[in-house]
Amino acid sequence: MKASSSTINFGLIGAGAISWSAAEAIKKHANGKVLAISDPNAERAREVAGHIKIEKVYADAKELFANPDINAVYIATPNKFHAPLAKQALTAGKHVILEKPFAMNYPEAKQVTDLAAKKKLAFTVGMNQRFNADSQRVRQLVEKKFFGEIYHAKAYWRRRTGIPKLGTWFGNKELAGAGSLYDIGVHMLDLCLYVTGNFEPVSVSGQTYTKFGNRGLGEGGWGNSEKSNIKFDVDDFASAFIRFANGTTVTLDTSWACHQADANRDNVEIFGTEAGASVRPAKLYRYGKGEFSKYEVLDLDKTPVALAHQCRFHNFINHLLGKEKLVVTPTQALTVQKILDAIAKSSKTGKEVRLA
Ligand SMILES: NC(=O)c1ccc[n+]([C@@H]2O[C@H](COP(=O)([O-])OP(=O)(O)OC[C@H]3O[C@@H](n4cnc5c(N)ncnc54)[C@H](O)[C@@H]3O)[C@@H](O)[C@H]2O)c1
């Protein structure tokens with residue numbers, strides 16, 4: 001898996017809104033270079049290339065994959081193309097960091113991880129929320145067994161008016177697979193499993209709703225893609241209840257649009273027998289020590305972080321250089337996809353889905 005050269009030359013697939021920050025993050029690493037970008041929208045690709053100083057611009061990802069100087073690719077396209085492009089990149093011998101959501105479904109995702117294993121190439125899904133200092137701080141306390149038995153966690157990301165621009169691929173099932181669940185719900189689900197260290201789901205019950213986008217309501221600002229008359233037919237609200245092998249339960253709530261007091265609410269809250277915590281911001285809750293001490297609500301802003309770079313690209317590059325383990329493993333990414341599939345199935349059938 002270790003890269004043969006100390007410079008990791010990246011190719012970016014997709015010149016959308018997120019690729020700007022991705023390119024900047026790669027460039028900040030002393031061993032990271034963005035060599036090429038590909039997007040069927042040539043104008044958009046040239047704009048990113050000009051701004052970030054990327055040498056090569058391709059209209060077709062196949063040409064980028066054929067460039068022998070490229071070691072690794074970052075894929076950030078509409079969700080439908082994630083797994084097919086990841087497979088093409090791996091077949092061409094490139095290491096892959098893929099945007100979330102992993103894929104349109106679990107079988108498609110499994111093909112990708114199987115291929116990466118077969119080709120002995122690095123593969124990760126870039127779950128950036130795991131790298132935030134607050135996420136790392138709470139994760140470290142879980143590792144140090146601060147919480148006793150963690151019996152429940154609540155993961156949520158609810159926006160009041162936050163549908164990425166209406167009329168773009170984001171709202172279309174054929175291109176996006178799902179709506180708020182695949183866009184922001186997946187972040188908090190992944191973060192919750194990561195922070196609690198629990199990747200053994202056994203059953204899922206869930207429901208998705210389409211209540212705002214289909215009425216032309218709830219539009220936010222995200223996205224560079226063109227508006228078209230594309231149908232909005234994905235969830236703009238979803239709720240799920242997940243049971244794990246060790247008895248822990250998790251609730252997941254997500255919305256792009258709903259009536260609520262705040263414009264945005266996002267957090268992972270964990271409940272243990274000895275202490276509780278929230279991740280955004282990182283805080284610890286527990287009984288004070290001693291007979292007359294008060295209940296403690298502690299800010300964790302001074303506790304150390306494991307990865308000072310706080311960056312998914314730096315983790316990926318360091319991994320390719322043999323210096324760090326991947327924070328997001330293919331197996332963990334598959335588990336998250338399995339839960340997302342189960343939420344969709346449970347919503348459709350009205351029944352709980354058993355995973356084990
Ligand atoms: N990790 C995060 O926090 C985060 C944030 C935003 C978006 N994303 C993810 O990143 C991906 C892209 O999102 P975005 O906001 O940049 O979208 P966007 O609509 O702004 O851009 C998508 C780009 O992909 C291009 N594209 C389409 N098919 C392509 C192909 N076959 N090859 C190359 N390019 C192709 C489009 O022309 C467009 O320029 C999505 O999967 C989204 O879920 C992740």
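Biologist: Which residues does G162 touch, not counting residues up to four places away in sequence?

Modeller: In this predicted model, G162 touches G220, W256 and A257 once residues up to four places away in sequence are left out. A contact here requires C-beta atoms, placed from the backbone, within 7 Å of each other. G162 itself has its place in the loop between β7 and α7 (173-176).

Biologist: Why does G162 count as buried?

Modeller: A residue is called buried if 20 or more other C-beta atoms lie within 10 Å of its own. G162 has 22 C-beta neighbours inside 10 Å, so G162 counts as buried.

Biologist: How far apart are G162 and D236 in sequence and in space?

Modeller: The two residues are 74 residues apart in sequence, and their C-alpha atoms are 9.2 Å apart in space.

Biologist: Which residues of helix α6 (residues 133-143) are buried?

Modeller: The buried residues of α6 are D134, S135, Q136, R137, V138 and R139. These buried residues pack against α8 (180-196) and β12. After α6 comes K145, whose phi is positive, near 60°.

Biologist: How do you know that strand β7 (residues 150-159) and strand β11 (residues 264-272) pair?

Modeller: Two strands pair if at least two bridges are found between them. Nine bridges join β7 to β11, and the two strands run antiparallel. Within β11, F271 stands opposite H152.

Biologist: What joins β11 to strand β12 (residues 276-278)?

Modeller: Three bridges join them, again against a requirement of at least two, so β11 and β12 count as paired. They run antiparallel, and F271 stands opposite G276 in β12. The two strands form a hairpin, with three residues between them.

Biologist: In what order do the strands of the open sheet with mixed pairing stand?

Modeller: The order of this sheet of nine strands is β14-β13-β12-β11-β7-β10-β9-β8-β15.

Biologist: What makes β14 (296-299) and β15 (353-354) stand at the edges?

Modeller: Each of the two has a single partner strand, so one side of each is left without a neighbour in the sheet. In the case of β15, strand β8 (residues 201-209) pairs with it over two bridges in the antiparallel sense. Two strands pair if there are at least two bridges, so the two bridges between β8 and β15 meet the cut-off. S203 stands opposite R354 in β15. Helix α10 (residues 330-349) lies across β8, β9 (237-244) and β15, and runs at about 55° to β8.

Biologist: What is the order of strands in the open sheet of six strands?

Modeller: The order is β3-β2-β1-β4-β5-β6, and the pairing is parallel. At the edges stand β3 (56-58) and β6; each has a single partner strand, so one side of each is left without a neighbour in the sheet. From one strand to the next, the twist averages 25°.

Biologist: How do you know that strand β1 (residues 8-13) and strand β2 (residues 32-38) are joined?

Modeller: Six bridges join β1 to β2, and these strands run parallel. The requirement is at least two bridges, so β1 and β2 count as a pair. G11 stands opposite A36 in β2.

Biologist: Which domains does the domain assignment of the chain give?

Modeller: The assignment gives domain 1 (8-125) and domain 2 (130-308 + 329-354). Their contact takes 19 residues from domain 1 and 20 residues from domain 2. On the side of domain 1 that touches domain 2, α5 (106-119) and β6 (123-125) are the elements that give two or more residues. The largest share of that side, five residues, comes from α5. By class, the side has eleven nonpolar, four polar and four charged residues.

Biologist: Why is the ligand shell said to lie between domain 1 and domain 2?

Modeller: Both domains give residues to the shell around the ligand, so it lies between them. Of the 25 residues around the ligand, those that come nearest are G14, G16, E99, N224 and S225. Helix α1 (residues 17-28) gives the largest share of the shell, three residues.

Biologist: How do the residues of the shell around the ligand divide?

Modeller: The shell has nine nonpolar, eleven polar and five charged residues.

Definitions and conventions. Residues are numbered from 1 along each chain as its sequence is written. This is a predicted model: local features need pLDDT of at least 70, side-chain atom pairs count only at pLDDT 80 or more; totals for chains, interfaces and linings use all residues. A residue is near a molecule or strand if its C-beta atom, placed from the backbone, lies within 6 Å of it. Helices (H or I, at least four residues) and strands (E, at least two) are DSSP runs, numbered from the N terminus. Ala, Val, Leu, Ile, Met, Phe, Trp, Tyr, Cys and Pro count as nonpolar, Asp, Glu, Lys and Arg as charged, and the others, Gly among them, as polar. Domain bounds come from an automatic or database domain assignment. Two residues are in contact if their C-beta atoms, placed from the backbone, lie within 7 Å. Axes are lines fitted to C-alpha atoms, for helices over the stretch in contact, and angles run from 0 to 180 degrees between N-to-C directions. A residue is buried if 20 or more other C-beta atoms lie within 10 Å of its own, exposed if 12 or fewer, and partly exposed in between; C-beta atoms are placed from the backbone.
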